[in-house]
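Me: Hey, can you walk me through this structure? I'm new to this.

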Amino acid sequence: MLSPERLALPDYEYLAQQHVLTYMEDAVCQLLENKEDISQYGIARFFTEYFNSVCQGTHILFREFSFIQATPHNRASFLRAFWRCFRTVGKNGDLLTMKEYHCLLQLLCPDFPLELTQKAARIVLMDDAMDCLMSFSDFLFAFQIQFYYSEFLESVAAIYQDLLSGKNPNTVIVPTSSSGQHRQRPALGEASMLEGVEASLFYQCLENLCDRHKYSCPPPALVKEVLSNVQRLTFYGFLVALSKHHGINQALGALPDKGDLMHDPAMDEELERLLVQVPGLVNSVSASPEASCLPSRTPPRVASPWRPLHHSRKVDAESDGSTEETDESET
Amino acid sequence: MIPGKYRSVSGRATNNVNCGLHLVIQTSSLPEKNKVEFKLNKETSSFPGRLLQHDLERNYSSRQGDGRVISPSPRNKSSCISSTTNVTELCGLEMKTAMSSLSAFGDSSTQTPSKSRMRQGCHSAGPNVSGDHINLVSSSMPSFPILQRSSEEKILYSDRLTLERQKLTVCPIIDGEEHLRLLNFQHNFITRIQNISNLQRLIFLDLYDNQIEEISGLSTLRSLRVLLLGKNRIRKISNLENLKNLDVLDLHGNQITKVENVNHLCDLRVLNLARNLLSHVDNLNGLDSLTELNLRHNQITSVRDVDNLPCLQRLFLSFNNISSFENVSCLADSSSLSDITFDGNPIAQESWYKHTILQNMMQLRQLDMKRVTEEERRMASVVAKKEEEKKRESHKQSLLKEKKRLTINNVARKWDLQQNRGANIPTNQDRKDSDSPSQDPCPIDGSTISAFPEETGSLDSGLISALQGLSVTDTHLVEVDGDTLSLYGSGALESLDRNWSVQTAGMVTTVSFSFIEFDEIVQVLPKLKIKFPNSLHLKFKETNLVMLQQFNALAQLRRVDQLTVDPQGNPVVNFTLWKYYVLFRLSHFSMQKINGTEVTQNDMIMAERLFGILAHVASSELPQYRMISILGDTRKKQFQYLLETKGKKPGITSEENNDSKRLTGENTNRATLNYTTRDFYNEKLEEIKEKKKFCKMYIEDLVKEATEINMKNEALQKLWPQMFIELVRDAVIEIRNKNSYMKLCLQQITDQK
């Protein structure tokens with residue numbers, strides 16, 4: 001119980017840092033909101049349910065955005081909920097626009113800001129052609145990075161800009177500041193020819209940032225791994241690398257590995273059960289599982305207004321891989 | 001009206017009519033042989049037949065105008081007959097004489113039998129039955145025969161000369177006949193009018209059935225009153241300048257293409273232009289005495305200027321090419337016209353012919369030779385009134401249509417403005433958007449007015465003037481057309497508060513929304529559900545449907561069979577998933593059509609496949625307190641509405657409650673997917689913020705208190721062992737000296753007592 005962290009801080013700060021206060025506040029708030037109904041089945045029961053749902057990650061469903069982004073746990077829970085609910089959309093192989101993904105997000109969180117979705121799309125589409133179609137997995141992983149580390153990424157963006165413009169980022173106190181500056185001057189000259197910033201310098205800044213950053217940031221070791229592979233890189237290059245990094249995904253823990261993205265046997269089972277209940281459904285579906293697969297896959301490509309499955313040039317390789325995997329895993 | 005002069009002249013003529021006219025015409029080329037004796041029989045014996053014929057003709061013409069078509073022989077000149085009668089009436093002549101004297105320009109056919117009987121040729125002088133003897137003597141002058149009459153004939157018929165059927169190719173020189181008033185050249189082959197300029201007293205000149213090609217040689221005949229030039233080859237009306245006293249002008253059966261050079265004939269009563277080549281009639285001004293105008297058998301398509309004829313009573317337009325009343329509309333302006341014929345024209349075939357004519361020409365007494373009865377007139381006016389009404393109705397209709405169009409335009413413009421403004425103020429647009437347009441309509445009106453003229457440019461002038469009275473500032477439009485209720489503009493939503501008749505409400509199965517913010521529509525959906533329980537088909541156009549979750553709002557309706565979301569102004573339609581989401585979310589309606597496309601089983605399965613998990617997660621994984629709160633919101637909302645509107649009627653309320661229960665029962669697993677409008681949601685967020693603030697403070701206090709207690713507790717825990725030891729030590733020290741301790745104890749006991 002008494003972790004060293006626990007002892008290092010005064011109680012109140014500790015509670016605040018671990019977001020316990022957030023949940024307590026929210027619990028009371030929820031209680032307040034529905035006090036008549038809740039008082040009927042017991043306040044103790046309510047608190048039990050509340051904290052259970054927090055543990056299960058279902059507490060964020062249909063909540064307001066301010067709550068969803070309040071804690072890392074909430075963010076992870078939201079990412080997971082999004083994945084679970086709309087995995088089927090990705091499984092179907094549809095490519096959607098940023099706006100449509102945004103709509104899906106809004107189904108879970110009515111006031112989800114468009115800005116965040118746009119930023120995530122920018123990672124996938126490399127800052128241009130915002131109307132392009134994206135595969136589900138591409139978007140999801142980019143969105144994960146953007147959403148979970150949004151504050152961190154903002155700071156990174158600032159650092160990147162500072163580095164690009166050649167001055168030492170004032171937000172970062174680099175221990176070897178003088179040498180850093182020395183190294184930067186030639187880098188500036190190269191920057192005009194080469195794109196982006198030098199990876200090692202960038203890492204130094206980021207490492208520093210991670211140390212000080214009070215919001216969640218990716219594990220520095222993994223960031224180092226990402227940056228160590230290249231000499232120079234751009235901001236979006238960095239983001240793309242982050243979003244595709246398995247380790248970071250694992251560290252975050254909200255989503256399964258890319259290969260398993262379409263796997264959710266429990267839910268698939270549930271879905272089959274639901275399909276049987278479709279009002280006025282033909283017997284054939286319940287009779288043979290193949291039949292149930294067939295109509296769902298064929299009609300959208302033949303008669304329905306679904307768009308032909310064009311992949312935008314940038315997501316080509318990625319999305320193809322993921323859809324193929326889906327096909328295999330399904331059969 | 002009639003110049004006395006003429007009457008007296010005719011009177012004199014009358015006196016002489018009964019007397020035979022004996023002329024001797026001598027052709028100079030055939031001195032003796034060709035001396036032909038004519039007998040122009042003007043005797044009473046021939047009269048009855050002629051008279052009979054005339055009567056016949058007259059009746060004929062008055063009864064059946066068409067008869068002439070059947071036997072259109074050039075001999076049948078009905079026009080002449082009417083002229084005849086006309087003259088008879090006007091001149092007040094004795095009937096018989098008038099007939100006889102004017103029969104010349106009447107019908108040759110009437111005379112033919114008797115005449116031919118009388119004389120077969122010029123040279124074969126027929127038996128002198130009785131009457132005139134005319135000797136045509138070929139004169140010494142080249143090619144012109146000179147006419148001489150015996151003196152007794154001259155005395156007998158001093159003022160008339162008849163040279164019918166003499167095979168004359170030129171006009172003979174008529175000498176010593178200066179008193180001649182009546183000259184007849186019927187049925188000859190005369191090509192040119194000449195040699196008669198000395199006959200300055202001539203009143204009556206008949207050149208019927210000759211080969212005259214141009215009117216000429218008449219300039220000296222100033223007293224001429226009757227000029228008969230029927231059945232000739234005249235192409236142009238000309239050279240009548242001096243014939244100012246002309247009373248009757250017959251030009252029928254010629255080749256005249258144009259009415260001209262007649263404007264000075266202010267005494268002309270009868271003008272016959274039948275069987276010519278006229279196609280347009282105009283240039284009639286100046287004919288101030290004209291009472292009869294005959295224009296039968298031409299190719300007339302339009303008539304003008306008739307309203308400039310103050311005395312015109314009879315107008316014959318039979319057998320022409322008139323096809324619409326507009327082409328002869330001047331007739332309506334003539335106040336004197338009482339008799340008109342249109343038979344044989346295309347116009348007479350139309351169903352509206354009779355009543356249109358009668359309606360436009362109230363003064364008419366005869367139409368196509370039939371008396372116009374009061375009944376007919378009444379019928380005509382009834383029909384006309386009906387037509388007028390119809391016209392007015394259609395005018396009103398088009399006016400309404402136009403107004404509708406304008407209103408919709410206006411609403412659309414306003415909508416556009418609103419949308420643009422919304423785009424300009426991306427943050428916090430929701431609130432401002434819905435409020436601002438109604439607050440400042442001025443710029444909107446301005447733009448409407450400026451755009452007005454070009455918009456109505458296509459309309460006829462009458463409509464435009466009527467439209468100017470319309471207010472184009474209407475900001476909304478409600479229209480019930482059959483089973484469709486169309487609402488344009490957000491203001492139209494208020495109409496749902498109106499008391500709709502049960503019938504209307506029951507009939508409406510389609511509700512269409514245009515130019516209305518979807519969020520505003522959501523707020524009236526409960527009303528819609530109550531007021532129009534049969535609405536099955538919803539249409540949205542320009543309603544700012546942008547999110548899938550907005551469709552959640554439709555789930556609260558009772559039934560929706562069809563949904564049409566126009567891509568215009570509804571970006572959500574561009575999404576690949578929207579249809580499936582609708583099917584999924586509104587699956588309890590078992591919808592049949594979306595945007596006109598039939599919903600198939602596969603669509604349903606696909607929808608379930610895509611969103612089924614969402615529903616499952618939403619229903620099974622949502623903690624109960626959340627479920628309560630979410631479902632509670634909807635229920636509360638409905639309840640609130642019921643309290644507001646129908647609270648007084650408990651029956652309906654309970655029914656509503658049942659209804660909502662049934663609804664939520666139907667799709668529990670997706671009832672949690674609902675839509676709150678932006679306004680409402682923001683309100684809710686505000687509320688939550690307030691609560692959060694309070695909770696934060698409350699928890700802060702609680703936690704602080706708890707941590708303080710905890711701290712004290714910890715401190716106590718730290719101190720406690722030492723305290724305990726100290727306490728024990730004190731106790732031990734106290735009881736170390738047994739005796740003194742005992743003493744002390746005893747002392748205490750005794751003190752107590």
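**Charges, helix and rings**

Reply: Arg63(A) has its charged end over the ring of Phe67(A), 4.1 Å from the ring's centre. "Over" needs NZ of Lys or CZ of Arg within 6 Å of the ring centre and within 35 degrees of the ring normal. This is a predicted model, where local features need pLDDT of at least 70 and side-chain atom pairs 80 or more, while totals for chains, interfaces and linings use all residues. Residues count from 1 along each chain as written, chains are lettered from A and ligands numbered from 1 in written order, and side-chain values use heavy atoms, without hydrogens or water.

Me: What sits over the ring of Phe147(A)?

Reply: The charged end of Arg75(A), 5.8 Å from the ring centre.

Me: OK, helix 14 of chain A: which residues are buried?

Reply: Leu222(A), Val223(A), Val226(A) and Leu227(A). Buried is under 20% relative accessible area, exposed over 50%, partly exposed in between (1.4 Å probe, protein chains only). Helices (H or I, at least four residues) and strands (E, at least two) are DSSP runs, numbered from the N terminus.

Me: And which exposed residues are on the face turned away?

Reply: Ala221(A) and Ser228(A).
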